[in-house]
Amino acid sequence: MDAAALDLRYLNALRVHWKRHKAFPSMAKLAEVIGLKSAAGVFAVVGRLTEAGYLERNDGRIAPTKKFFSYRLLGSVRAGVPQEVGQYDGFEFMNVEDCLIAHPERTSFCTVRGDSMNGVGLLDGDIVVVEHNSPTKPGDIVVAVVDGRATVKSLSLERGQYVLKPENPAYDVIRPGESLEVLGVVVGSFRSMRR
């Protein structure tokens, strides 16, 4: 196995450890985690992963960088007619947080329940990314509290009055009786395909 493939294996072992523990092991335990026996080998791996931008040293400890949480982007793939598989000269990296979260200080997640928004691709069990304190306009998908009840719907303007419109014809438009408060704008969504 070449050095790059070995380093990827070591990096993935560190990612698995981070996923389970949300911390890196001590330098003494690091050899066990990545499967090496010698301290010199561990320091060499840490040096290479630091040089590659996956790790950084803070007060004698190693810490993940933004690139540590980035994964290879292989390009695009057709959902229709299959395409030729090209050769990849190099890989780009993408961090999911960079794609979905512009303002971490005012972002939260919310689980979608029900099928009233399936017309815009929001399915039961999806996680929506909600950005709070953002300007809203008709057409935005929002998480809102209407008459004391929370929902996710499209914001719409009807005869000068804001209403909440489902994106499934089986459901009725929600017209607030007393109050409508937009908690945030849905700026993205994701789902796990695991069964």
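Colleague: Is Asp98 buried, partly exposed or exposed in this predicted model?
Modeller: Asp98 has a relative accessible area of 45%. Buried would need a value under 20% and exposed one over 50%, so Asp98 is partly exposed.

Colleague: Which residue forms a salt bridge with Asp98, and where does that partner sit?
Modeller: The closest N and O atoms of the pair are 3.2 Å apart. The pair links distant parts of the chain, 32 residues apart, with Asp98 in helix H4 (residues 96-100). The partner sits in the loop between strand E2 (61-64) and strand E3 (71-73), and it is Lys66.

Colleague: Is Lys66 itself buried or exposed?
Modeller: The cut-off for exposed is over 50%. Lys66 has 53% relative accessibility, so Lys66 counts as exposed.

Colleague: Happy to move on to Asp126: how far apart are the closest N and O atoms in its salt bridge with Arg191?
Modeller: Asp126 lies in the loop between E5 and strand E6 (127-131), while Arg191 is in the segment after E10, 65 residues apart. Asp126 is buried at 3% relative accessible area, whereas Arg191 is partly exposed at 39%. Their closest N and O atoms are 2.7 Å apart.

Colleague: And which residue pairs with Asp140 in a salt bridge?
Modeller: Asp140 counts as buried, at 12% relative accessibility. The closest N and O atoms are 3.1 Å apart, and the partner is Lys137.

Colleague: How many salt bridges are there by this rule?
Modeller: Among them is a network that links Glu105, Arg106 and Glu131. The count comes to 10 salt bridges.

Colleague: Let's turn to the sheet: which are its edge strands?
Modeller: The open sheet has 6 strands in the order E5-E6-E10-E7-E8-E9, with antiparallel pairing. An edge strand pairs on one side only, and here these are strand E5 (107-111) and strand E9 (161-165).

Colleague: Why is strand E7 (residues 141-146) largely enclosed by the rest of the structure?
Modeller: E7 is joined to strand E8 (residues 149-158) by 6 bridges and to strand E10 (residues 180-190) by 5 bridges. Examples are Val142 with Lys153 in E8 and Val143 with Gly184 in E10. E7 is largely enclosed because its buried residues number 5 of the 6.

Colleague: Lastly, which residue in the turn of the E7 and E8 hairpin has a positive phi?
Modeller: E7 and E8 run antiparallel, and their hairpin leaves 2 residues between them. The phi in question is about 50 degrees, and the residue is Asp147.

Note on methods: Residues numbered from 1 in each chain as written. Predicted model: local features only at pLDDT ≥ 70, side-chain atom pairs only at ≥ 80, totals over all residues. Heavy atoms only, no water. Buried < 20%, exposed > 50% of the residue type's maximum accessible area, 1.4 Å probe, protein only. Helix = DSSP H or I, 4+ residues; strand = E, 2+ residues; numbered from the N terminus. Pairing = 2+ DSSP bridges. Salt bridge = Lys/Arg side-chain N within 4 Å of Asp/Glu carboxyl O.
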